[in-house]
Amino acid sequence: MPSSLAQVQRGAALCLDLKANNVVLLDLDKVSNATDFFLIASGTSDTHVRAIAEHVVDQLKKEGVRPHHVEGMAQG
């Protein structure tokens, strides 16, 4: 199993595959006990954002990695 950092970096790369805007990876390991990383990305429309999120979740699932939590996918 890849490290948490490798997994979230892969997620960021997958966002960029679908031309996500403003991809930001926040390392919260030293700041929060709730999570190690936040991956934030935006798109040009609700449809674009949903496509990015679905792409990341689907590809990581194929690689044996399941995200702990996905926020805002239904709303785009």
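## Ala41 and strand 2

Ala41 counts as partly exposed, at 31% relative accessibility. The residue belongs to strand 2. This is a predicted model.

Ala41 touches Cys15, Ala20, Asn21, Asn22 and Val23, leaving out residues up to four places away in sequence. Its C-alpha atom is separated from that of Val24 by 6.3 Å. Along the chain, Ala41 and Val24 are 17 residues apart. Another, Asn22, has its place in strand 1.

## Helix 1

Helix 1 has 14 residues. From first C-alpha to last, helix 1 reaches 20 Å, close to the 20 Å expected at 1.5 Å a residue. An α-helix has 3.6 residues a turn, so residues three or four places apart point the same way.

Helix 1 is followed by Lys19. Lys19 is found in the loop between helix 1 and strand 1. Its phi is positive, about 60°, although Lys19 is not a glycine. Is Lys19 buried or exposed? At 62% relative accessibility, Lys19 counts as exposed.

Asn22 also has a positive phi, of about 50°, and is not a glycine. The place of Asn22 is in strand 1. Asn22 is exposed, with a relative accessible area of 61%.

## Helix 2

Helix 2 has 17 residues, which should span 24 Å at 1.5 Å a residue. The end C-alpha atoms of helix 2 are 24 Å apart, which agrees. Buried in helix 2 are His48, Val49, Ile52, Ala53, His55, Val56, Val57 and Leu60. The buried residues of helix 2 pack against helix 1 and strand 2. Just after helix 2, Gly64 takes a positive phi of about 85°.

His48 and Gln59 both have a place in this helix. His48 is buried, because its relative accessible area is 16% and the cut-off for buried is under 20%. Gln59 has 22% relative accessibility and counts as partly exposed. Not counting residues up to four places away in sequence, His48 touches Leu18, Lys19, Ala20 and Gly43. Lys19 in that list is the exposed loop residue described above.

## Met73, after helix 2

Met73 has its place in the segment after helix 2. At 23% relative accessibility, Met73 counts as partly exposed. Leaving aside neighbours within four places in sequence, Met73 is in contact with Arg50, Ala53, Glu54 and Val57. Two residues of that list, Ala53 and Val57, are among the buried residues of helix 2.

The C-alpha atoms of Met73 and Ile52 are separated by 9.2 Å. Along the chain, Met73 and Ile52 are 21 residues apart. Ile52 is among the buried residues of helix 2.

## The largest pocket

Rolling a probe the size of a water molecule over the atoms shows where empty space is left. The largest pocket has a volume of about 990 Å³. It is lined by 30 residues. Which of them are closest to its centre? They are Phe38, Leu39, Pro67, His69 and Val70.

Helix 1 (4-17), strand 2 (37-42) and helix 2 (46-62) each supply at least two residues of the lining. By class, the lining has 18 nonpolar, nine polar and three charged residues.

Note on methods: Residues numbered from 1 in each chain as written. Predicted model: local features only at pLDDT ≥ 70, side-chain atom pairs only at ≥ 80, totals over all residues. Heavy atoms only, no water. 1 Å grid on protein atoms, 1.4 Å probe; cavity = no way out; pocket = protein on both sides within 12 Å on 5 of 7 lines; lining within 4 Å. Points joined across faces, edges and corners; volume = space filled by probe spheres on them. Helix = DSSP H or I, 4+ residues; strand = E, 2+ residues; numbered from the N terminus. Nonpolar A, V, L, I, M, F, W, Y, C, P; charged D, E, K, R; others polar. Expected span 1.5 Å × (residues − 1). Buried < 20%, exposed > 50% of the residue type's maximum accessible area, 1.4 Å probe, protein only. Contact = heavy atoms within 4.5 Å.
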